[in-house]
Amino acid sequence: MHIKVPPIKCQGIKTKLVPFILSQIQWVEAAQSKWIEPFLGSGVVAFNLAPKRALLTDTNQHLIAFYQGIQTSDIDRKIVAEFLQDQGNKLLTMGANYYYEVRDRFNQSASPLDFLFLNRSCFNGVMRFNSKGGFNVPFCRKPQRFSQSYITKIANQVDWVAKQIAGKDWEFRVADWQQTLAEAQLSDFVYLDPPYIGRHTDYYNAWKQADAEKLAVVTKQLPCGFAVSMWFENQYRQNSHIQECWSDLERRVCQHFYHVGSKETLRGAIAEALLIKPGFSVRADQLLPIEVGAIAASLYPS
């Protein structure tokens with residue numbers, strides 16, 4: 001078994017960091033506990049962990065609608081493959097004009113399938129919206145983008161997500177981080193991957209210094225364990241926000257390389273910090289057969 005990639009791409013996706021993240025978190029899932037993510041993004045951490053119960057939220061309604069569609073089987077492997085085959089043929093024939101036609105259509109109708117099409121054919125996999133909520137990323141200039149192998153790859157990713165969700169008590173919800181964190185209980189675990197301060201990764205709405213500072217205050221008051229992903233340093237500078245707001249937590253660091261970003265300077269080596277408060281222990285009779293660290297070890301044995 002190995003770490004798999006979800007069908008939605010976005011800047012800051014943690015695919016290669018999943019083993020590191022899961023291996024550092026100390027949380028054992030109890031019968032009524034939940035895995036909570038208030039900044040779902042691509043969902044790569046939650047989908048690979050696949051806890052029994054989860055609350056997965058984001059302010060980006062398009063991300064949530066897409067994964068809700070998979071959860072309800074309104075979006076599945078066959079539907080995605082047929083849709084991308086049809087749209088890919090039109091893109092091959094009409095080129096950039098068709099991409100922008102779909103982009104305009106999406107900004108009117110908010111179709112989850114159009115969202116997937118744009119996400120996989122826009123410039124460098126960037127997810128970005130303007131102040132009015134319109135998707136505004138330009139075309140990747142590859143009319144041949146949707147080859148049969150590429151369509152199959154995306155359809156398989158959708159199918160994998162469907163299997164990870166199946167039979168589990170997961171809720172996908174459009175909500176801000178404050179609403180989400182207010183629901184955290186003692187035996188839950190919260191994983192936070194907020195927008196990065198000092199790096200332009202605004203994929204849906206603004207994230208300012210004041211927001212980051214408030215997040216730190218509220219998060220450290222949670223009744224349960226949590227882990228926060230945050231950039232630590234790159235070749236140019238260090239993230240001073242960590243020392244200012246998170247210095248009292250355990251800190252683990254892992255070297256990483258980002259391949260998705262609007263600029264070359266956002267697609268380079270970076271040290272990623274995981275700021276941790278361990279989860280609470282539970283009685284043996286409350287445990288479910290899942291432990292985060294054990295999962296990571298089984299996925300990536302030494």
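This is a predicted model: local features need pLDDT of at least 70, side-chain atom pairs count only at pLDDT 80 or more; totals for chains, interfaces and linings use all residues.
View 1. After α4 comes Gly 95, whose phi is positive, near 65 degrees.

**View 2. The buried and exposed faces of α4.** Val 80, Phe 83, Leu 84, Gln 87, Gly 88 and Leu 91 are the buried residues of this helix; because they cover an arc of only 130 degrees around the axis, they lie on the same side of α4. These buried residues pack against α5 (96-109), α6 (112-119) and α7, whereas the face turned away from the buried side carries the exposed residues Lys 78, Leu 92 and Thr 93.

**View 3. The surroundings of Phe 117.** Leaving aside residues up to four places away in sequence, Phe 117 touches Phe 83, Leu 84, Gln 87, Gly 88, Leu 91, Tyr 98, Tyr 99, Val 102 and Phe 146.

**View 4. The largest nonpolar core and another core apart from it.** Within the largest nonpolar core, which has 62 residues, Trp 35 and Phe 117 touch the most other members. Helix α7 (residues 148-165) supplies the largest share of this core, seven residues, and at least three residues come from each of domain 1 (15-59 + 175-301) and domain 2 (77-162). Apart from this core lies another, of 25 residues, including Ile 36, Leu 55, Val 190 and Ala 271.

Conventions
Residues are numbered from 1 along each chain as its sequence is written. Side-chain values use heavy atoms; hydrogens and water are left out. A nonpolar core is a set of buried Ala, Val, Leu, Ile, Met, Phe, Trp, Tyr and Cys residues joined through side-chain atoms within 4.5 Å. Buried means under 20% relative accessible area, exposed over 50%, partly exposed in between (1.4 Å probe, protein chains only). Helices (H or I, at least four residues) and strands (E, at least two) are DSSP runs, numbered from the N terminus. Domain bounds come from an automatic or database domain assignment. Contact means heavy atoms within 4.5 Å. The arc is that of the directions from the helix axis to the C-beta atoms.
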